[in-house]
Amino acid sequence: MALAASILVRADDITPRIGLIEIYGARKVSLQKIRTAIAAKAGDPLPSQQGTEERIEKLSGVLASRVEAACCSDRNLILYIGVEERASPHLEFHPASAGDVVLPADLFENYQKLLENAEASIHGRNADEDLTNGYSLMADPASRELQQNFLPAVEQNLALVDRVLRQSADPEQRAAAAYLLQYGPSGSRALKMVVDGLQYGLRDQDDEVRNSAIRALRAVMVGAKLHPDREIHIEPTWFVELMNSVVWSDRRNASLALVNMTETRDPDTLQLIRERALPSVIEMARWHDLEHALPAFILAGRLAGLDEQAIKTAWVGENRESVLKQALGQRAKHGNTH
């Protein structure tokens with residue numbers, strides 16, 4: 001949807017072009033070699049994803065790569081180039097599912113209608129959503145009505161929705177199930193099934209399924225914060241691991257979720273980030289697109305021990321490097337076993 005929105009480039013030239021190139025995950029492999037393999041620069045049309053990834057993966061020391069375009073830099077696209085090096089943190093996902101279980105046809109059809117409406121809402125600048133109930137309700141009336149209808153449908157089919165997420169061979173079905181789980185009932189037993197299922201979805205092989213699971217969990221987290229009586233507990237572990245993903249959307253979504261999870265400055269969560277994902281936090285906080293860099297910068301500020309006002313002051317004052325150095329200094333102070 002972000003890509004569709006971003007192709008409103010220029011009236012005289014609708015060719016999607018590169019505004020920025022950001023490379024992440026490269027700690028040992030030469031950045032210049034990666035840029036040469038990309039064979040494109042700012043101002044050029046978007047290169048072939050498959051061809052670019054194949055060229056990068058031929059470089060010595062590169063295990064995998066991922067090319068992803070995101071919106072926007074001066075009406076052009078940001079080309080994110082993810083690199084997974086040998087001996088770098090590697091994410092292990094669930095084995096491929098092989099089941100033939102599917103969602104009820106009308107529920108899946110309404111989910112697809114929601115995706116179509118959401119895309120239209122982005123073009124119409126009406127994409128706001130309310131997460132205060134623990135599930136998404138969009139400002140767009142047609143989308144909101146579909147979402148409200150998910151509540152009784154998912155309550156009636158909760159066990160089946162959970163089973164589709166875990167067992168279906170069809171990634172579209174699993175992505176739909178991950179998104180729909182957030183509309184499960186608010187009883188303690190049902191909520192546990194919802195949270196467990198969504199955390200399972202964070203380890204799905206397909207990045208669209210992971211994207212749906214993260215979006216749904218973010219809504220559940222907002223609801224948990226506003227309704228502590230529900231006693232919802234969400235583990236930070238897989239959000240932290242996704243900060244090392246070769247996939248840009250994994251990193252982006254995980255950083256947004258971890259900003260929510262670290263508001264209370266829970267020391268165990270901060271230490272887990274420090275031990276498992278600090279280099280990724282630092283490189284993401286240095287991204288040139290401010291919207292995409294901000295969540296990681298907030299995390300870096302919290303890892304540095306700064307209060308929220310100090311983080312805001314450093315951000316507004318364009319003093320990012322000082323904060324990042326403090327975050328790295330805190331790693332030495334707290335110790336790092338990884």
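Reader: Which helix is glutamine 199 found in?
Author: Keep in mind that this is a predicted model. If you follow the chain to residues 188-201, you are in a helix, and glutamine 199 is part of that stretch. So the element to name, counting DSSP runs from the N terminus, is helix 8.

Reader: Is glutamine 199 buried or exposed?
Author: Its relative accessible area is 14%. Buried means under 20%, so glutamine 199 counts as buried.

Reader: How many of the seven residues of strand 1 are buried?
Author: Strand 1 covers residues 18-24. It is largely enclosed by the rest of the structure, because the buried residues among its seven number five.

Reader: In what sense do strand 1 and strand 3 pair?
Author: Strand 3 runs over residues 76-85, and six bridges join it to strand 1. For one of the partners, look at isoleucine 18, whose bridge partner in strand 3 is leucine 77. The sense of the pairing is parallel.

Reader: Which helix gives the largest share of the lining of the second largest pocket?
Author: This pocket holds about 430 Å³ of space. Helix 9 (207-226), helix 11 (248-261) and helix 12 (267-285) each give two or more residues to its lining. The largest share is four residues, and it comes from helix 9.

Reader: Which of the 17 lining residues lie nearest the centre of the second largest pocket?
Author: The lining as a whole divides into eight nonpolar, four polar and five charged residues. Out of the 17, the ones nearest the centre are Met221, Ile232, Ile234, Asn260 and Met261.

Reader: What is the angle between the planes of tyrosine 135 and tyrosine 183?
Author: The structure holds ten aromatic pairs. In the tyrosine 135 and tyrosine 183 pair, the rings are 5.5 Å apart centre to centre. The pair is tilted, with an angle between the planes of 45°.

Reader: How many residues apart in sequence are the parts that this tyrosine pair ties together?
Author: Both tyrosine 135 and tyrosine 183 are buried, and they belong to a ring cluster that also includes Phe108 and Tyr111. Tyrosine 135 lies in the loop between strand 4 (129-130) and strand 5 (137-138), while tyrosine 183 lies in the loop between helix 7 (171-180) and helix 8. So the pair ties together parts whose separation in sequence is 48 residues.

How values were computed: Residues numbered from 1 in each chain as written. Predicted model: local features only at pLDDT ≥ 70, side-chain atom pairs only at ≥ 80, totals over all residues. Heavy atoms only, no water. Buried < 20%, exposed > 50% of the residue type's maximum accessible area, 1.4 Å probe, protein only. Pairing = 2+ DSSP bridges. 1 Å grid on protein atoms, 1.4 Å probe; cavity = no way out; pocket = protein on both sides within 12 Å on 5 of 7 lines; lining within 4 Å. Points joined across faces, edges and corners; volume = space filled by probe spheres on them. Nonpolar A, V, L, I, M, F, W, Y, C, P; charged D, E, K, R; others polar. Phe/Tyr/Trp six-rings, centres within 6.5 Å; stacked < 30°, edge-to-face > 60°.
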